Amino acid sequence: MSDPNTREGFASKIGFIFAAAGSAIGLGNIWRFPWLAGANGGAAFLIIYLGIVILVGVTMFMGEVTLGRYAQRSNVGAFKKVAPGWTWVGAMGLLAGFLILSYYSVVGGWVIYYFVRAIAGFNMTDPSLTGQLFESFITHPLLPLIFHALFMGMTIWICYNGVQGGIEKYSNIMMPALFAILIILAIRSLTLPGAAEGLRFYLVPDFSKITGKTFLDALGQVFFSLSLGMGSILTYGSYLSKKENIPQVSTIVPIMDTLIAFTAGLIIFPAVFNYGFEPAAGPGLTFVTLPAVFSEMPLGNLFGGAFFLLLFLAALTSAISLLEPLTAYMMEEHGWERKRATVILGSIMFVIGIGASLSMGVWSSFKIAGLVFFDQLDWVANNLLLPLGGMFTAIVVAWVWGTKNALQEATNDGTLKFGLGDFWANVMLKYVSPALVAILFLTGIGILKV
Ligand code: PHE
């Protein structure tokens, strides 16, 4: 076990905010959120999403940061410290991180490849051509693996350099760059002559599209997007200095995450509609429709390059937060050295990711419940492990460790004013958010009917 006195931590509050926002802001925001909202009733979906962010997201985010900072331990160790019978919740989170990074890195590799292609110019204004390009790339047995290796290598490299020298340092560079690119692209897109039609598609509420499944999709998206339920935020919380204001930082990061997801839609849909394309749902929107859009757009290779760079920065800062909890666990609980932990863990996930990548092509006939390996990893992590992990984390913090202890930590032993503290701990964390997650979860797996 590591000595808490020499335990690494973030040097500054802004370091924590950039790192945690980096974790939260990822492929989930820029690629997944826009099409989910577009396909699920536009503003109607947005309202539901916002409601869940406020009711469940912020509450649980704060819960994880509080537990981590109190325990000064990462995932499993924190549970061991406050609720010894519940360490399996932490272990489940580690498993989720393991599964997610394995395929997340494959997509990260696609993004690098598309960045290079975009700079070179796609020169394909027909989506059936960009569709073929995407198909032939992801089903290729070798090419995506090279980029998967590159992406995983960069992820390992950052974690390898430690909390301050790696995660904080690179987040402090990458996140401002991400914001700058985002703003430039949003201005470009919103000033296109046909922007209004895209905004209509994205934002006009269509309540007829709202079903029980919409709530579930929104819940899953909140968990995934805020990196909740698997210990990333808990681990980063354990690196937050004892003097910082937990309620404040735990509100800022979900707001940033939500704003960025929203803005991603403002970039994508005006451009798609301006050039007369149909927005594809799913990965096709980013990898099939947008390359055609960038082929039409003047200076499209510049804007296309900027877009995939944005996606790359978002993905990489999330990937490091997937590797870090496992790394910290091996260091704290098994006495491994950081360098060894990052290289070994990252390599194992690389190997699992090979399976995910090949399941797009040569192994695509191997299916369980109709899902290829890539989608199985995604389904188990996002539909099972994250909601369950989040729900049990809230239960452990509020019921086992106790809301009194949680409040004490969240208010820096009562020295900080936290007006809604009681409400947060005794209402939201204790009852509302675990109950909501339970209902939505049971609905999602089909046990409860709506
Ligand atoms: N929040 C990241 C995204 O939106 C994904 C992620 C999930 C990262 C869980 C860490 C932990 O892409």
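Student: What should I know about the model before we start?
Tutor: The model is predicted, so local features need pLDDT of at least 70 and side-chain atom pairs count only at pLDDT 80 or more, while totals for chains, interfaces and linings use all residues. Residues are numbered from 1 along each chain as its sequence is written, and side-chain values use heavy atoms, with hydrogens and water left out.

Student: OK, how many residues does helix α6 have, and how far does it reach?
Tutor: Helix α6, residues 127-138, has 12 residues and reaches 16 Å from its first C-alpha to its last, close to the 16 Å expected at 1.5 Å a residue. Here a helix is a DSSP run of H or I with at least four residues, numbered from the N terminus, and the expected span is 1.5 Å times one less than the number of residues.

Student: Which residues of α6 are buried?
Tutor: They are Thr130, Gly131, Leu133, Phe134, Phe137 and Ile138, where buried means under 20% relative accessible area, exposed over 50% and partly exposed in between, with a 1.4 Å probe and protein chains only. Seen down the axis of α6, the buried residues fall within an arc of 160°, so they line one face of the helix; the arc is that of the directions from the helix axis to the C-beta atoms.

Student: And what covers the buried residues?
Tutor: The cover includes α5 (87-120), α7 (143-160), α13 (283-296) and α15 (338-358), with contact meaning heavy atoms within 4.5 Å.

Student: Switching to rings, how many aromatic pairs are there?
Tutor: A search of the whole structure finds 39 aromatic pairs. Rings of Phe, Tyr and Trp (its six-membered ring) pair if their centres lie within 6.5 Å, and planes under 30 degrees apart count as stacked, over 60 as edge-to-face and the rest as tilted. One of the pairs is Tyr70 with Trp401, which is tilted, at 4.8 Å centre to centre and 40° between the planes.

Student: Where in the chain do Tyr70 and Trp401 sit?
Tutor: Tyr70 is in helix α3 (residues 43-71) and Trp401 is in helix α16 (residues 373-410), 331 residues apart, and the pair links distant parts of the chain.

Student: Is Trp401 buried or exposed?
Tutor: Trp401 is buried, with a relative accessible area of 7%, whereas Tyr70 is partly exposed at 33%.

Student: Which ring does Lys430 lie over?
Tutor: Lys430 lies over the face of Trp399, at 4.7 Å from the ring centre; a charge sits over a ring if NZ of Lys or CZ of Arg is within 6 Å of the ring centre and within 35 degrees of the ring normal.

Terms used: Helices (H or I, at least four residues) and strands (E, at least two) are DSSP runs, numbered from the N terminus.
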